Amino acid sequence: MLDTLLIAAKTIDKGREVSIGEAGVTAIFGYAVVFSGLVVLMAVLYITGAYFKSKDEKAAAAKKTAEAANKPAPTVAAAPVADSAKPVAPGSAGHVKLHDVPDREAAMLMAIVADKMQKPINELHFISIKEVKD
Amino acid sequence: MDILETLENLWNDSGFQSFFVNGGWKNLVMIVVACVLLYLGIVKKFEPLLLVGIAFGCLLVNLSYFGPESTDALYHPDLWTNFLDPEHADYHSYGAIMAHGGLLDILYIGVKAGIYPSLIFLGVGAMTDFGPLIANPKSLLLGAAAQMGVFAAYFGAVCLGFTGNEAASIGIIGGADGPTAIFLTTRLAPHLLGPIAIAAYSYMALIPLIQPFFMNLLVTEKEKKIKMEQARNVSKTEKIIFPIIVAMFVILLLPSTAPLVGCLMLGNLWRECGVTERLSDTVQNALMNIVTVFLGISVGATTAASQFISWETIKIIVLGLAAFSFSTIGGLLVGKLMCKLSGGKINPLIGSAGVSAVPMAARVSQMEGQKANPSNFLLMHAMGPNVAGVIGSAIAAGFLLAVYK
């Protein structure tokens, strides 16, 4: 059996022998290839990112102009902006009405609910949070 | 019936007597190793989804394979030696494996043919949000820097007497990416798959112990406290275009990366395009779990004592640790450089997340950042280099494959 194992060990093709010098050159060249590949990819991402950013900015500006054109001229002093009229934070699903609940506690409750439901918080829409008193 | 003779035959057929002849003690050692790995997976929760399967595969093969005469073994290393021997009649014959192999030989065909690592990448792609990378493309530099360990370990392995193919397979442990390590090793040095897979997954599980040492050594307290600005919002269209661009660019650059990068990006496209939720859900959960079962147990099977217990294995374990260390150092050094160049806007701690190990390495950056400054949230910033590391290690593997194929 031992002989068979030795024969088996001899027949495994372990690949090409390389000198230490050749290995050093391959290592440096390989690291350079990984770097340059990812640098080119970075440049591509910057270009596409810049394109989409300018597109988004243009769309936002056009929306703003259209809103301004449709808005009636104010006749009386403007009232304070209601919560529901405030701009929504990026990624948010909307506003939440808080009744006797501080912001910090509300944020904690929403995080707990999202965790229990195994859903990303930006996919949940909380309508209101109210403290129940006995 | 001669009871004594029957008992003697039973004893001779049993695995127990095999422990005492022809180096069978090595199997006992491997059984102890398997039990230690099971302990680490179950009690310490070190990468349990893979480690428990690998450990049990190791246990099964060392309980049933004691040499070429073990016809009832679940895995036969000698069949795979014949498979790789150009002068043998069974060279590259999957038919011979199917005809004479055990259960684990048949499952191992998926590893040998590179199917499991690619399917795992399909699931990884579907689970990964590349948003932080798209929002901050500079992260790719950190992902590239953290491949230093791959090439340092490759060079070290050649210095220790390994062939080029073996050194390349050992080096890729530094990519901290299990499927990539398995994929490259099955192509370049399949006889080293067992130790390389065990080293890669063990060190990935030990990242929370390995990386903080280098973070404390190289990053100052002031740098650790740096708070990073919130990254821009990434549109859905950008997220859809990203996998298509990366697949086209990387596969054209290094065609040998096609199975890994192609599957990674296909999985991500299914996640992001918004019209294939069912497929995305299947590859993230059902398919990923099924492949993990097969991959774990069949990789574990490659740890047959007759092949595993050797000086080569010890050298691989040491080189693997060096690979992880150098990768962490590379990421941190470039992180420090970017911190200086950006006028202190980038926290160097996110550099160490450039070693793949998603999301463990990013979590370590977050934890170390928060230790220095409790109001610091680096997780999303560290996810950029973290996923860049996956692409970086695939490119490194593609390069090594192109050199030694």
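1. Helices (H or I, at least four residues) and strands (E, at least two) are DSSP runs, numbered from the N terminus. Chain A has three helices and two strands, and along its sequence they come in the order α-α-β-α-β.

2. Before going on, a quick word on what you're looking at. This is a predicted model, where local features need pLDDT of at least 70, side-chain atom pairs count only at pLDDT 80 or more, and totals for chains, interfaces and linings use all residues. Residues are numbered from 1 along each chain as its sequence is written, while chains are lettered from A and ligands numbered from 1 in the order in which they are written.

3. Back to chain A: buried residues are 11% of its 134 residues. Buried here takes 20 or more other C-beta atoms within 10 Å of a residue's own; 12 or fewer makes it exposed, anything in between partly exposed, with C-beta atoms placed from the backbone. Of the chain A contacts with a separation of 6 or more, 61% join residues 24 or more positions apart. Contact means C-beta atoms, placed from the backbone, within 7 Å.

4. Now the meeting of the two chains: 36 residues of chain A are in contact with 49 residues of chain B. On the chain A side, helix 1 (2-11) and helix 2 (20-70) are the elements giving two or more residues, and helix 2 gives the most, with 21 residues. That side divides into 21 nonpolar, 10 polar and five charged residues. Nonpolar covers Ala, Val, Leu, Ile, Met, Phe, Trp, Tyr, Cys and Pro; charged covers Asp, Glu, Lys and Arg; the others, Gly among them, are polar.

5. Over in chain B, have a look at helix 19. Its 24 residues reach 33 Å from first C-alpha to last, close to the 34 Å expected at 1.5 Å a residue (the expected span is 1.5 Å times one less than the number of residues). Helix 19 of chain B also has a kink of about 40° centred on Val283(B), the bend being the angle between axes fitted to the seven residues ending at a residue and the seven starting there.

6. Which helices do the buried residues of helix 19 of chain B pack against? They pack against helix 4 (48-64), helix 7 (103-112), helix 8 (115-127), helix 13 (178-188), helix 14 (193-205) and helix 18 (258-272) of chain B.

7. Ile297(B) sits in helix 19 (residues 277-300) of chain B. Ile297(B) counts as buried because it has 25 C-beta neighbours inside 10 Å. Beyond neighbours within four places in sequence, Ile297(B) is in contact with Gly53(B), Phe56(B), Gly57(B), Leu104(B) and Leu107(B).
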